[in-house]
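The stops below are meant to be selected in turn.

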Amino acid sequence: MQASQSPIRLEPFKVACSSCNLRELCLPVGMSNDQMLRLDELVSTRRSLARGDALFRTGSPFTSLYAVRTGFFKTNVTSEDGRDQVTGFQMAGELLGLDGIGTERHTCDAIALEDSQVCVIPFNLLEDLSRELSDLQRHFHKIMSREIVRDHGVMLLLGSMRAEERLAAFLLNLTQRLRKRGFSASSLVLRMTREEIGSYLGLKLETVSRAFSKFQEDGLLEVKQRQIRVLDVAALQALVNGSGS
C-alpha cells in the first residue's frame, strides 16, 4: 500500500529568481531583465516542508520540478522485498523531480532531512518558456546531463571502490558542493544518518561507522556525532585515486 504524503504548506514566492543568491546554481546566468521577469512569473510559489515530510512519493503524478531553496533532501526507492535504497542527497540550488519526466509519474520518494523550502516550477510552463528562451533550454539540458554524470559516478563508487574509498569520495563530493554554496569546505554537519550513507554507498551501517572511526584515528577527520571536520583533504583524495594505504 502506497504511503500517503504529508501535508505540505504552499506559500507565495516572495524572493524573485532575479534576486535569489542561488540562481547561478539552479538557473542560467546572463539572461536579460525581460527574460528574468518571465522566469519570475514561472516560479511563483514555494513549498515548506518539515523534517520527514515527503515532497513526492513513488507513483505520484509528475507535474513540477522543485529547486531546493533551503534545507536538505534524500531520494530513495523501495525494492520488491521492501528494503529502502537511498539514491541521492540534494541540497540548496539543486533540482528534484527529474525522475518523473519520462513516465509522468515519480519513480522515487523525495524526503526532507531537515526543515526545508523548495521553489515549485510547473513543468508544462517550463517547457513552453524553454522553447522561447534558448538559454533556459540549454541550461536545462546541462542539468539533465549533470544528473546522468552523477549517476555514472555512483555506479563507479559501487562497482570498483573499497568501503573507505567510497566514504572518502562521498565526503569530498559533499564538501565541494557545500563550498559552491558559500559554506566551509572543511566543517560540515551531516544531515543524513550513517545508515542512510551506507544505503547510498552500498555499505552496511557498521562498515560506515568503522570507516569514520579509522579516518579519525588516521587524522583525516575529526568526528563528533554528525559534526565532521576534514583535517586532511589530500589524504582523502589519495584514497579516492587509489594511492592511499
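Select Thr75 and look across to strand E8 (109-112), where Ala110 stands opposite Thr75. The strands E5 and E8 run antiparallel and are joined by four bridges; two strands count as paired here if DSSP finds at least two bridges between them. Now turn to strand E6, where Gly88 stands opposite Thr75. Strand E6 covers residues 84-91, runs antiparallel to E5 and is joined to E5 by seven bridges.

This is a predicted model, in which local features need pLDDT of at least 70 and side-chain atom pairs count only at pLDDT 80 or more, while totals for chains, interfaces and linings use all residues. Residues are numbered from 1 along each chain as its sequence is written, and side-chain values use heavy atoms, with hydrogens and water left out.

Next, select the whole of E5, residues 72-78, which is largely enclosed by the rest of the structure because five of its seven residues are buried. Buried means under 20% relative accessible area, exposed over 50% and partly exposed in between, with a 1.4 Å probe and protein chains only. Helices (H or I, at least four residues) and strands (E, at least two) are DSSP runs, numbered from the N terminus. Between E5 and E6 the hairpin has five residues, and there Gly82 takes a positive phi near 90 degrees.

Move on to helix H6, residues 194-201, which is mostly covered, with seven of its eight residues buried. Among the buried residues of H6 are Arg194 and Glu196, together with Ile197, Tyr200 and Leu201. Just after H6, select Gly202, whose phi is positive at about 70 degrees.

Two further stops concern backbone angles in loops. Most residues other than glycine have a negative phi. Glu104, however, has a positive phi near 65 degrees, and lies in the loop between strand E7 (95-96) and strand E8. Glu104 is exposed, with a relative accessible area of 58%. Gln225, which is not a glycine either, has a positive phi of about 55 degrees, and is found in the loop between strand E11 (221-224) and strand E12 (227-230). Gln225 is exposed as well, with a relative accessible area of 70%.

Of the 245 residues in the chain, 45% are buried.
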